[in-house]
Each structure stands twice: as C-alpha cells, then as structure tokens.
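Look at the sequence and the structure first, then read on.

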Amino acid sequence: MIWRSVAREPRRLARLAGWSLAEALPSLLIGHAIARAIEDGFAAGRPVTGLAWLALLGGAWLVAAVGARQSVLAVAAIAEPFRDELLARVVGGAVRHAVTPPWRPGAESVARSTLQVELARDAFAAVITAVRSFAFTVVSVVVGMATLLPAMLPLVLPPFAAGLAVFLLSLPAMARRQRAFLVADERLAESVAEMAGGLRDIVSCGAEGRIADDIGQAIAAQAAAARRVARVTAVRTLSLGVAGWLPVLLVLAYGPGLGASAGAVVGTLAYVVQSLAPALGGLVEGLGVSGVRLAASVSRIRETTPLPGPGSRRAGTGRGRAVTPRGPRPGPRPGPRRTSTIRPRDARVELRGVTFAYGPEAEPVVSGLDLTLPEGCRLAVVGPSGLGKSTLAALVTGLLEPSSGEARIGGVPARDVDPATRVLIPQEAYVFHGTLRENLTYLASAAPDDMRRAIDEVGMTELARRLGGLSAEVNPAALSAGERQLIALTRAYLSPARLVILDEATCHLDPAAEARAEAAFGRRGGTLVVVAHRLTSALRARHVLLMDGTRVRLGTHDELVAVSPLYRDLLGQWTPDVRQVS
C-alpha cells in the first residue's frame, strides 16, 4: 500500500525529484565555497573574492528555500491520496462491522479512523521528506567531497556507513515495539469507552473497585509499552554519534597528514557537520519515529480492517444505507457474520415475541413484542423519551438483533435483508462535502427529472434553489440541522427502499415542513414507520404504537385517545396544528 501510493503518479515523483535537486544545491557547494573563500580569498589577502564565494553559497541557499517550499507541496500531493485510501479502508471496515454482529464498530474503530489514519498520513509525509532529503544530500556531499579532496572520503564514509547500519538494524525492533504500543493504546481506549458507557450499572452493582483495577491494568500496559519504545530509541543516539561526530574527529586528526590544506579541512568539516550529520538526523527522525509509526499504523489498520472478500460488497457501493440510532452500545453478540444478503419479496414487517436488553443483566427495553405491519402501512411510534422508540426502529431494520424472538421484513430475518430494501434516517442527518446531486444520489442513481420531482415532493425546492442547483457544492457546516434533514429525506425518497423508518428525522423542521415530508413518503408507497417528534405525526398515521417502557399499545389515534391516559397526556403537551398538507 505504501509503495503503491508513492509510485502511482510518476509525474509527481519527477516533480519532487526536481525540486529536491534544487533544495540539495547548498549540500553540493558548501565545502567548495568555504574552502575557496579561505584559500583563494581571505588567506590570500583577497577578501572580495572570499565574499564572492560566500555570496555564491548564499544564493544557493535562496534557491534551496524555493525548492524546499515546492518540495513540501509535492510531498503533500503524494500523501493526501494515501490518507484518503487509508480512511476509505477504515470507514469501509467499520461500516461492514456495523451491519454484522456485533452490529456496531467499537471505540477501537474510532481510534483507527481518527488517530491512526492521521498519524499514518503525517508519518508517511515525514518519511518521504526524510528519505528524499537524505538521498539527495548524501549524493551531493559525496560528489562535492570527491571533487574537493578525494583522500578525505575514507575518513568520512566508513564511520558514516557504520552508524547508518546500526540504525537500520534497529528498525525492526522499533517497529515491533511501536505496534505493541498502538495495540495497548487501542485497548485502553476501548476499556475507558466501555466503562464510561456503563457507569450507572457499575455504581449500582458496587463494582467501582474491580473496574478501577481493570482500567489501571490497561493504563499500566500502555505505560510499559511506551517505556519499551523509549528504550529502543536510544539506539538512535548511538548511530548519530558514530555517523555524525566520529568523522569530525577523524578529519581533524588525520586530514592534515593526507596533505589537506586548512581550507580543505574546514570545507570537509562543513560537508560533515552542515550536510551529512543533519541529513542523517532527519533520516533517523523520519524512519526511527515516523517510519516506525507508519509501519505500525498501516499494519494495524490492515489487520483490523481487511479488504472484503470475493462476493462481498465494497464500502460505498451498496445502494442502501442504514444509520445506527443513538443510544447505549449493546454488548457483543456471538454469531456468524453475514456473507450475503437477501432481497425480501415485500416490505411487510413482522415482530414475533421480540425482547431486547442492552446487556445480559439489564432490564429489557422491549419485551415480548408482537407486531405486524402490512405492505403500505403507515405507523407512528410515540411515547416518552428514552423508553425504546429508537431501539424498536433499530430492531425493525436489523441493526439490532433481538435477545429473543425474531424480526422479519418480507419473510426474511431483518438482519439478513439487502440494505437497499430499507432505509433509516436518524435525528442527526448525514450530509457530506460534495455536490447536491452526489448527496441526493448517495443511495441510488437517479435522473435529473426524478431528482427535481423528489425535491418538490419533499419540500426542498427553496433550499435547492438557494444552494445553486444540483451541481452546487454542499458544505454541511453551512447548513442548518433542518436543511440537512431535508437533504437526507430527499435522498431516502429517491432510494429503492420499500421500508422507510424516520427516527425523529423531521424534528428540526417546522410543523408544516414536517407534514409535507411525511405526506410525500405516504404518497411514495411502501411501508413507513415514523418515530414521532410531534404528536401531529400520529394524527396523520393509520396506526399508532404507544410505547411506555415494555408496555405497548397499538391502535388508531381515536382509539388511543379513548383508552390511554398516557396518550392523552402526551397529546396535551402538543398542539395538533397540522393535520394535513394544505
């Protein structure tokens, strides 16, 4: 992966090499310029000549400054595609894990997608910078010394090569220990995340001491791994001493005996101290720190997010997309991973004896639920906050697996259905940087006329006009939460999914806009489940499911008003100001 990223664009490599030559110009001239300035200038009583040689060296540094700036841009042009490839792999792996047991990527996936990918990108750029700078500097110094006084080369190159060899031989151990540190860091992040998510249960069970011990062990393991990394990096000091400073001693001790003039000795020392030693220091830093981090990060990413096997979907190519609802993270469920999906014959939803709890000792959020939604049904789910509405939406779509019972879509277990057959939009809608067309066709391709018709149906016409049309670039940060919801709703409307679940997906819209969007999905056909933010959604639905903890009641709006005090209380908290779209 690393070599492919470097070699994929030969023109970028050629551009980088050209500017690196310009950057290495002082390394070629420094010894000659100083030697000539001393011997032909100041020592010979011609200060103007000496200053002219130094001015020539100064001009080389100006050229090198321009080359360094352009080299940074050239390195960035190589490093950014590498970052994009790594991030695509991590996100693709996380998405595949999100739709297979245990259903959600854990904290370690977040660590890979945030810390390790950025770390790998920075390390990759640092390695390219260090290696190309070292290579061009060494070649320039060897050429310069060979033309200044070849007899000095045996005093400089053997110890330099020995120090370089010591450093290179230590790299495998550095890489192993850096990788061990990354693994320990991931485990600590996962342990802390699980602890934070279960604080209430930990306190209620009196398990603070045991959990503190577990976290303490993870912290100790990470600290020990960090100390091992620090010990092996001490080899860098040894290699720098051998390669960077031993040549200085040898030149001072034996250079005059080889017939070297004062100018040649000083020029050779300038080559060593001002070019070779800094170049090796940059290489040691680049490979010994950044290179080891790069190898460890990429290795860890490759291990934990393998590419999909034959017959499986590549991330981003599926036509359906489901978003995991908010709420506590369920414990891992053992079971085989899906290798294929099934397209159900219709969008009929069936729940049979479904029970679900967020953990083996937790109280069920849903208990023994039986529910049948025929194709074309329009259901509103209402109830107090935090009592299972979003959990039910996740069970219906197959994002959560019941602790007992079964959930089916069109006769197929919900977890096995083709993602293209159902779509769930959560409260916080997903919009990405790209054109409006790309955002709307994220789940399925669509003709421009179909997109415009969907925009009008859902009520996004004014927003599309203000953005500048289908080809306009969308900046999610510049949109309000309601505008992002409109884009996500239109995207779902254009999808092929026959089952649509809106989990408070219109909560940031005003009542009229919410009514228009829900009416559009009602006319669209298929099965619609609306986790209601406002009770006006219940007024527009054929059926209403009232959830009150594990107790549920199904009926029409009028039936629930007649028999349920809780429903009447909820209805009193909202003003039913929108019953239909005018």
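How many bridges join strand S1 to S2, and do the two run parallel or antiparallel? Strand S1 (residues 349-356) is joined to S2 by 5 bridges, and the two strands run antiparallel. The model described here is a predicted one.

## The sheet of four strands

S1 and S2 belong to an open sheet of 4 strands, whose order is S2-S1-S4-S5 and whose pairing is antiparallel. At the edges are strand S2 (366-373) and strand S5 (412-413), each of which pairs on one side only. One of the bridges can be located by residue: Leu 351 has Leu 371 in S2 as its bridge partner. Strands of a sheet pair through backbone hydrogen bonds, either parallel or antiparallel.

Helix H11 (residues 389-397) lies across S1, S2 and strand S4 (404-409), and its direction makes an angle of about 125 degrees with S1.

## The sheet of six strands

A second open sheet has 6 strands in the order S6-S9-S10-S3-S11-S12, and here the pairing is mixed. Its edge strands, strand S6 (422-425) and strand S12 (551-555), each pair on one side only. On average, neighbouring strands of this sheet are turned by 15 degrees against each other, direction ignored.

One of the parallel pairs is formed by strand S3 (residues 378-382) and strand S10 (residues 527-531), with 4 bridges. Ala 380 has Val 530 in S10 as its bridge partner. Helix H16 lies across S3, strand S9 (499-503) and S10, running at about 160 degrees to S10.

## Two helices side by side

H16 also packs against another helix. Helix H15 (residues 481-494) and helix H16 (residues 511-524) have axes 11 Å apart and pack at an angle of about 5 degrees. Angles under 35 degrees count as roughly parallel, so H15 and H16 are roughly parallel to each other.

Which residues meet in this contact? From H15 come Leu 489, Ala 492 and Tyr 493; from H16 come Ala 517, Ala 520, Phe 521 and Arg 524. Of the residues in the contact of H15 with H16, 6 are nonpolar, 1 is charged and none is polar.

Helix H6 (residues 153-197) has 45 residues, so at 1.5 Å a residue it should span 66 Å.

Note on methods: Residues are numbered from 1 along each chain as its sequence is written. This is a predicted model: local features need pLDDT of at least 70, side-chain atom pairs count only at pLDDT 80 or more; totals for chains, interfaces and linings use all residues. Side-chain values use heavy atoms; hydrogens and water are left out. The expected span of a helix is 1.5 Å times one less than its number of residues. Axes are lines fitted to C-alpha atoms, for helices over the stretch in contact, and angles run from 0 to 180 degrees between N-to-C directions. Angles under 35 degrees count as roughly parallel, over 145 as roughly antiparallel, 65 to 115 as roughly perpendicular and the rest as oblique. Contact means heavy atoms within 4.5 Å. Ala, Val, Leu, Ile, Met, Phe, Trp, Tyr, Cys and Pro count as nonpolar, Asp, Glu, Lys and Arg as charged, and the others, Gly among them, as polar. Two strands pair if DSSP finds at least two bridges between them.
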